[in-house]
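Please report on one helix and on the aromatic ring pairs of this structure.

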Amino acid sequence: LVLADDAGRFIDANPAACTLFGYSLAELRERDVFDVTPVEQRETREIILRELLHSGKQSGEFEIVRKDGVMRSVEYSSVANILPGGHLSALRDITTRLETERRLIQARDYYLTLFENFPALIWRAGLDGLCDYFNQTWLAFTGRSMEQERGEGWVEGVHPDDKPYVVERYMEAFSRRQSFEMEYRLMRY
């Protein structure tokens with residue numbers, strides 16, 4: 001928790017906030033929020049502070065620069081007018097979570113690039129059953145674009161005689177969260 005005045009000068013902070021910033025309480029009281037803000041983000045931080053003072057509440061994410069120069073990503077929730085001319089902010093370090101999310105995205109993108117030209121028709125769907133990816137082999141086979149195939153678009157290429165069975169089997173497997181296998185006729189380009 002951090003208490004700051006309307007100009008952004010630190011008034012008080014709990015031990016966890018001091019550890020997050022890397023400053024002692026005495027050192028922190030000699031600084032303001034802009035001293036712990038990356039230079040290129042200071043204008044944005046000014047806007048956030050103005051919006052907080054105007055609306056009375058503010059939450060979101062921003063980056064800080066610790067005393068040792070290390071940048072950290074922080075989630076914040078702030079309330080204005082806790083004291084006359086002061087606002088209170090609860091801060092949480094989310095650097096590790098954001099790094100993990102970035103690595104998961106990289107891993108996902110990596111496996112998709114492996115499958116991009118794999119000599120089999122490959123697709124992916126979310127838990128809602130709507131398809132969100134088709135590899136290049138699938139798209140070349142059908143002669144359709146990713147946008148055309150996404151969601152339930154791929155069903156347009158299923159042979160009309162097979163469509164009722166395919167849709168029923170597909171949706172049943174997704175609703176039960178089961179793996180499935182089926183054969184059907186798919187229109188080639």
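The report below takes the helix, then the rings.

This is a predicted model: local features need pLDDT of at least 70, side-chain atom pairs count only at pLDDT 80 or more, and totals for chains, interfaces and linings use all residues. Residues are numbered from 1 along each chain as its sequence is written, and side-chain values use heavy atoms, without hydrogens and water.

**Helix 3**

Helix 3 covers residues 42-55. Helices are DSSP runs of H or I with at least four residues, strands are E runs of at least two, and both are numbered from the N terminus. Arg 45, Ile 48, Leu 49 and Leu 52 of helix 3 are buried (under 20% relative accessible area; exposed is over 50%, partly exposed in between; 1.4 Å probe, protein chains only). Down the helix axis, these buried residues fall within an arc of 100 degrees, so they line one face of helix 3; the arc uses directions from the axis to the C-beta atoms. Glu 43, Arg 50 and His 54 are exposed on the other side. Gly 56 follows helix 3, with a positive phi near 90 degrees.

**Aromatic pairs**

The structure holds 11 aromatic pairs. Rings of Phe, Tyr and Trp (its six-membered ring) pair if their centres lie within 6.5 Å; planes under 30 degrees apart are stacked, over 60 edge-to-face, the rest tilted. Two pairs share Phe 180.

| Pair | Centres | Planes | Class |
|---|---|---|---|
| Trp 123 and Phe 180 | 6.3 Å | 35 degrees | tilted |
| Tyr 170 and Phe 180 | 5.8 Å | 90 degrees | edge-to-face |

Trp 123 lies in strand 6 and Phe 180 in the segment after helix 7, so their pair ties together parts 57 residues apart in sequence. Tyr 170 is buried at 4% relative accessibility. Phe 180 is partly exposed at 24%.

Definitions and conventions
The expected span of a helix is 1.5 Å times one less than its number of residues.
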